[in-house]
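Please look over the sequence and the model below.

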Amino acid sequence: MCSGDKMKIMYDDYDKCTKCDGLNNVKITDITAGCVCEIETICSKCGHEDFWAYGFYESKIMTYDEFKNLQNRGKYSCKI
């Protein structure tokens, strides 16, 4: 369980590059019930390629071990 009201979901902006904040060229790869679900992105500034799905970039996904390491260092107060 997470503590407090400070835990807000912050979705990634598929138009913005995760490396340089440049503008992405996007190719929608999945739409469900009229909602965009998955997008391939390529930055028009630095050329970084990424994949955005359901609000988040694949390159920013944290593994369980990475999360536990941060939790042990006091960065997150959620219990797993």
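The sulfur of Cys35 lies 6.4 Å from the closest cysteine sulfur, that of Cys37, which is too far for a bond. Cys46 has its closest cysteine sulfur in Cys20, at 3.7 Å, and this too is too far for a bond. A disulfide is defined here as a pair of cysteine sulfur atoms within 2.5 Å, and the structure holds 0 disulfides. Cys35 is partly exposed at 47% relative accessibility, and Cys46 is partly exposed at 44%.

The model is predicted: local features need pLDDT of at least 70 and side-chain atom pairs count only at pLDDT 80 or more, while totals for chains, interfaces and linings use all residues. Residues are numbered from 1 along each chain as its sequence is written, and side-chain values use heavy atoms, with hydrogens and water left out.

Next come the strands. Helices (H or I, at least four residues) and strands (E, at least two) are DSSP runs, numbered from the N terminus. Two strands pair if DSSP finds at least two bridges between them. Strand S2, residues 35-43, pairs with S3 in the antiparallel sense over 5 bridges. In S3, Asp50 is the residue that stands opposite Thr41. The hairpin of S2 and S3 has 5 residues between the strands, and Gly47 there takes a positive phi near 85°.

S3 also pairs with strand S4, residues 56-57, in the antiparallel sense over 2 bridges. Here Ala53 has Phe56 of S4 as its bridge partner. The hairpin of S3 and S4 has 2 residues between the strands, and Tyr54 sits in the turn with a positive phi of about 50°. Tyr54 has this positive value although it is not a glycine. Ala33 is likewise a residue other than glycine with a positive phi, near 50°. Ala33 is placed in the loop between S1 and S2, and at 80% relative accessibility Ala33 counts as exposed.

How do the side chains along strand S3 point? In a regular strand the side chains alternate between the two faces of the sheet. Along S3, residues 49-53, Asp50 and Trp52 point to one face and are buried.

The last topic is the aromatic rings. Rings of Phe, Tyr and Trp (its six-membered ring) pair if their centres lie within 6.5 Å; planes under 30 degrees apart count as stacked, over 60 as edge-to-face and the rest as tilted. By this rule there are 2 aromatic pairs. The ring centres of Tyr11 and Phe56 are 5.2 Å apart and their planes stand at 40°, so this pair is tilted. Tyr11 lies in the segment before strand S1 (24-32) and Phe56 in strand S4, so the pair links distant parts of the chain, 45 residues apart. Tyr11 is exposed, with a relative accessible area of 54%, whereas Phe56 is partly exposed at 35%.

Tyr14 and Trp52 form an edge-to-face pair, 5.2 Å centre to centre with 70° between the planes. This pair also links distant parts of the chain: Tyr14 is in the segment before S1 and Trp52 is in strand S3, 38 residues apart. Tyr14 is partly exposed, with a relative accessible area of 31%, and Trp52 is buried at 8% relative accessibility.

Note on methods: Buried means under 20% relative accessible area, exposed over 50%, partly exposed in between (1.4 Å probe, protein chains only).
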